[in-house]
Every structure is written in C-alpha cells, then in structure tokens.
Amino acid sequence: MNSLSPETQFNTAVQKILNHDVVAMPTETVYGLAGRISSEAALQKIFAVKKRPFFDPLIVHVASIKQAKSCFQNWNEVAEVLTQKFWPGPLTLVMPKSGLISDLITSGLETVGVRWPSHSLCQKLIENVGEPLAAPSANLFGRTSPTSSAHVYEQFGNSVFVLEGGDSNFGIESTVLLIQKNELKSKFNLSLLRPGSVTKSEITQALNSSAIDWSWIEVLDRKLAPGQMKHHYMPNRPLIIIKPSLSHLEDPVLKKLILDKMSKIPDEIEGVRVMKPQHVQNFEPLLLPNDAVLAARQLYSKLRQTAETNCDVIIFRQSTQHQGELWESVFDRLYKAASLILE
Ligand code: TXA
Ligand code: MG
C-alpha cells in the first residue's frame with residue numbers, strides 16, 4: 001500500500017487518470033476501478049486488469065446532474081424525481097446513451113448506467129479530472145467486491161494505484177434501475193436490474209408522490225440485463241448457505257449432506273470458477289449482524305475474513321430474522337457467492 005500524504009495521493013490519482021491510467025477510487029458502496037470515459041486505453045485497461053468479459057457493461061460515475069445529462073440521450077421526469085430524491089447516492093439509472101458513451105462502456109448496448117456517488121473524495125476526484133469516470137467494482141471478475149483499500153490491495157497488489165477513502169459506508173453495490181419510456185403512451189416502465197441499498201419500495205414511494213404514469217415490469221430479455229451472472233462475489237473458500245428450513249441440523253448431519261451434494265457442484269459457471277471443498281471437516285460460520293444496514297456494510301469484509309481462516313467450508317445459516325428488502329439485497333449477493341445452497 002502507498003504511504004503518500006492524502007494530498008499527494010489525491011494529486012497522483014488525478015494525474016494517473018488524466019494520463020489514461022486506471023485508479024481504484026473509494027465510493028460509498030464499494031471501491032471502483034476508474035478510468036476516463038473518453039480514454040479507450042483506460043477502458044481497455046479496466047477490462048484487462050479485472051479479467052472482465054466484454055459483455056459486462058461499466059457504470060459511469062458523475063459529479064453533477066449536468067454531467068449525468070451529458071451521458072444520456074434524453075432526460076425525463078422519472079430521472080428528475082429519482083435523482084432529486086436519491087442522488088448523490090447508491091442508485092444507478094440505466095437509460096439510452098448519448099454520443100459521449102462508447103460501446104466499450106456499454107458492451108454494445110444502446111443504454112448506459114450512470115450514478116452520482118455520495119463519497120466526497122470520489123466526487124472531488126471526478127470534479128478534478130473534469131469528466132465522468134467509468135468504473136466497475138475493483139475486484140477480479142466474479143470475486144468478492146472490495147469495501148476497503150486493503151481489499152483492493154489484496155486483489156491487485158501494487159499493479160493498481162489506490163486512493164484511500166476509508167471503509168465503504170453502504171458496503172454493497174448500487175441499486176441498478178432500468179428506465180424505459182413508452183413514447184406512444186408517454187408512460188414509463190421501470191425494472192430493477194440489481195437490488196441495493198435504495199429499495200424498490202423507496203423508489204415506488206418517490207414516484208407515487210409525483211403525477212408520473214409509470215409501473216414496474218420484469219425484464220424478460222436477458223440482453224437488457226447483462227452482468228447478472230448466477231455466480232459472482234465468490235470468496236476464496238466455498239460458501240455454503242443453509243436455508244432456515246434446515247437450520248435445525250447439527251454439524252455432523254450437515255457434513256454428510258454436503259458430502260452427498262458435493263459432486264453436484266459444477267467446476268465453472270458462466271466463466272466463473274466455482275469454489276469446491278476438498279474436505280468437509282472444518283466449518284467456519286459467516287457471522288453477520290441481524291441489522292440489515294450493518295450486515296450490508298460488513299458483508300464483503302466478513303466474507304473475506306472468514307475465507308482467511310483455515311476452514312474447508314464457510315457456512316452461513318440463514319435465519320427467519322433476516323427479513324426485509326435490504327436483507328434481500330444482501331441475499332442477492334450471498335446466493336451468488338455460494339457454491340451450494342441447502343434447503
Ligand atoms: O455501486 C456500484 O455500482 C459500484 C461502484 C464502483 O459504483 N460499481 C459496480 O460496478 O458495482 P460493476 O461493474 O461491478 O457492476 C455493474 C453492473 C453490470 O454488471 C450490469 O449488471 C449493470 O451494472 N449495468 C451497467 N450498465 C448497464 C446497462 N447499460 N444495462 C444494464 N445493466 C447495466
Ligand atoms: Mg462487480
């Protein structure tokens with residue numbers, strides 16, 4: 001890790017980004033691997049460093065509404081209401097892109113995801129660079145997202161410069177919302193592509209207090225929702241989730257059950273290597289607070305910490321107390337990080 005003063009560190013980050021390099025930047029959700037949207041070299045480097053497939057689009061980070069508008073073809077009433085309410089913050093809006101946004105950022109889609117982070121150092125970085133920054137989470141493709149500079153360092157060592165910004169406050173990635181306008185009926189269709197800390201009911205509430213004609217729809221066309229692979233966020237050791245229906249089982253019975261199911265764990269799914277246990281002797285529990293806000297904040301660091309113990313498998317016992325929309329966002333990550341879910 002670097003030992004530069006905060007000021008030198010910040011100036012180095014700005015210079016690197018201006019020089020078409022990539023830098024890990026703090027945000028309130030997770031650390032991002034950032035490069036200028038106008039730099040083809042930086043965008044290529046983001047994919048190369050992360051070993052990310054090109055079909056998975058990048059989120060664009062802005063530091064003003066004006067910058068956000070420059071990334072989209074059009075602005076609309078839904079974007080107006082939601083950004084007034086939730087920006088700066090952990091909500092990404094997906095709408096048709098402007099000419100400033102390259103196909104590399106959107107993986108060839110006609111839409112782009114944009115958000116204005118609330119982390120002040122991140123805002124200052126975007127302002128000083130003077131243009132929006134494309135940034136995926138700063139982890140290798142498919143692996144656990146980073147919520148501290150140490151996590152980024154663990155993953156990339158000295159090959160990526162990290163701007164220190166403390167621990168991420170929210171701890172899980174932004175809510176991703178697709179906004180589609182039906183021009184004929186001047187009606188809006190909204191789809192939640194990734195759950196996060198801004199919940200569906202908060203979005204519903206914000207829009208219901210406006211006069212906008214809108215509704216939720218499921219996205220059936222998977223092309224419109226790339227990057228939502230079944231396996232994602234994986235720690236270095238296999239994570240096994242025990243659903244509440246089996247929570248009464250004692251460890252010896254669980255071990256037998258896991259041994260039985262082990263052969264069913266695939267080696268690889270959608271390009272991500274699935275962690276498989278070699279033995280099923282040592283269990284290490286993943287312990288998360290019952291409070292959903294704290295659970296989200298601590299999720300990735302607890303996953304990493306638990307994976308560092310000398311265990312064969314990490315066990316998470318889902319409890320009936322884990323209720324509510326934010327817990328659902330946490331479970332979205334946990335299920336994808338799991339090698340096996342027992343129910
Ligand atoms: O909180 C976050 O969103 C963090 C921080 C760094 O801002 N970023 C992040 O990026 O989580 P990443 O690359 O790990 O996830 C981006 C995901 C894609 O995998 C995809 O699911 C969705 O956002 N996405 C981005 N652009 C999209 C688009 N045009 N259409 C549909 N989904 C899109
Ligand atoms: Mg990610």
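**Strands, ligand and loops**

Biologist: Before we go on, what pLDDT do local features need?

Modeller: For the bookkeeping, residues count from 1 along each chain as its sequence is written, chains are lettered from A and ligands numbered from 1 in the order in which they are written, and side-chain values use heavy atoms, leaving out hydrogens and water. This is a predicted model, where totals for chains, interfaces and linings use all residues, side-chain atom pairs count only at pLDDT 80 or more, and local features need pLDDT of at least 70.

Biologist: How many residues sit between β1 and β2 in their hairpin?

Modeller: β1 and β2 pair in the antiparallel sense. Together they make a hairpin, and the number of residues between them is 6.

Biologist: How many residues of strand β2 are buried?

Modeller: Buried means under 20% relative accessible area, exposed over 50%, and partly exposed in between (1.4 Å probe, protein chains only). In a regular strand the side chains alternate between the two faces of the sheet. In β2, Gly32, Ala34 and Arg36 on one side and Leu33 and Gly35 on the other are all buried, so both faces are covered. The strand (residues 32–36) is largely enclosed by the rest of the structure because the buried count is 5 of 5.

Biologist: What is the strand order in the open sheet of 4 strands?

Modeller: The edge strands are β14 (283–285) and β16 (340–342), each pairing on one side only. Further in, β11 (residues 239–242) and β15 (residues 313–317) run parallel and share 4 bridges, with isoleucine 240 opposite isoleucine 315. The pairing in this open sheet is parallel, and the order is β14-β15-β11-β16.

Biologist: At about what angle does helix α9 run to β16?

Modeller: Angles run from 0 to 180 degrees between N-to-C directions, with axes fitted to C-alpha atoms, for helices over the stretch in contact; contact means heavy atoms within 4.5 Å. Helix α11 (residues 325–337) packs on the sheet, touching β11, β15 and β16, and makes about 125 degrees with β11. Helix α9 (residues 251–262) lies across β11, β14, β15 and β16, and its angle to β16 is about 130 degrees.

Biologist: How much of the accessible area of ligand 1 does the protein cover?

Modeller: There are 27 residues around ligand 1 (a heavy atom within 4 Å), and Thr29, Asp56, His61, Ser174 and Pro226 come nearest. Polar contacts (N or O pairs within 3.5 Å) to its oxygen atoms include threonine 29 at 2.6 Å, arginine 52 at 2.8 Å and histidine 61 at 2.6 Å. Areas come from the Shrake-Rupley method with a 1.4 Å probe. Of the 690 Å² that ligand 1 has on its own, the protein covers 98%.

Biologist: What is omega for the cis peptide bond between tryptophan 87 and proline 88?

Modeller: Proline 88 is in the loop between α4 (77–86) and β4 (91–96). The bond joining tryptophan 87 to proline 88 is cis, with omega of about -10 degrees.

Biologist: Is tyrosine 233 buried or exposed?

Modeller: Tyrosine 233 is in the loop between β10 (214–216) and β11, and its phi is near 60 degrees, a positive value in a residue other than glycine. Its relative accessibility is 2%, so tyrosine 233 counts as buried.

Biologist: How far apart are the C-alpha atoms of histidine 151 and tyrosine 300?

Modeller: Histidine 151 lies in helix α7 (residues 149–156) and is buried because its relative accessible area is 7%. Beyond its neighbours within four places in sequence, histidine 151 contacts Pro146, Ser301 and Arg304. Histidine 151 and tyrosine 300 are 149 residues apart along the chain, yet their C-alpha atoms are separated by 9.3 Å.

How values were computed: Pairing = 2+ DSSP bridges. Helix = DSSP H or I, 4+ residues; strand = E, 2+ residues; numbered from the N terminus. Polar contact = N/O pair within 3.5 Å; in protein donor to acceptor, adjacent residues only side chain to side chain.
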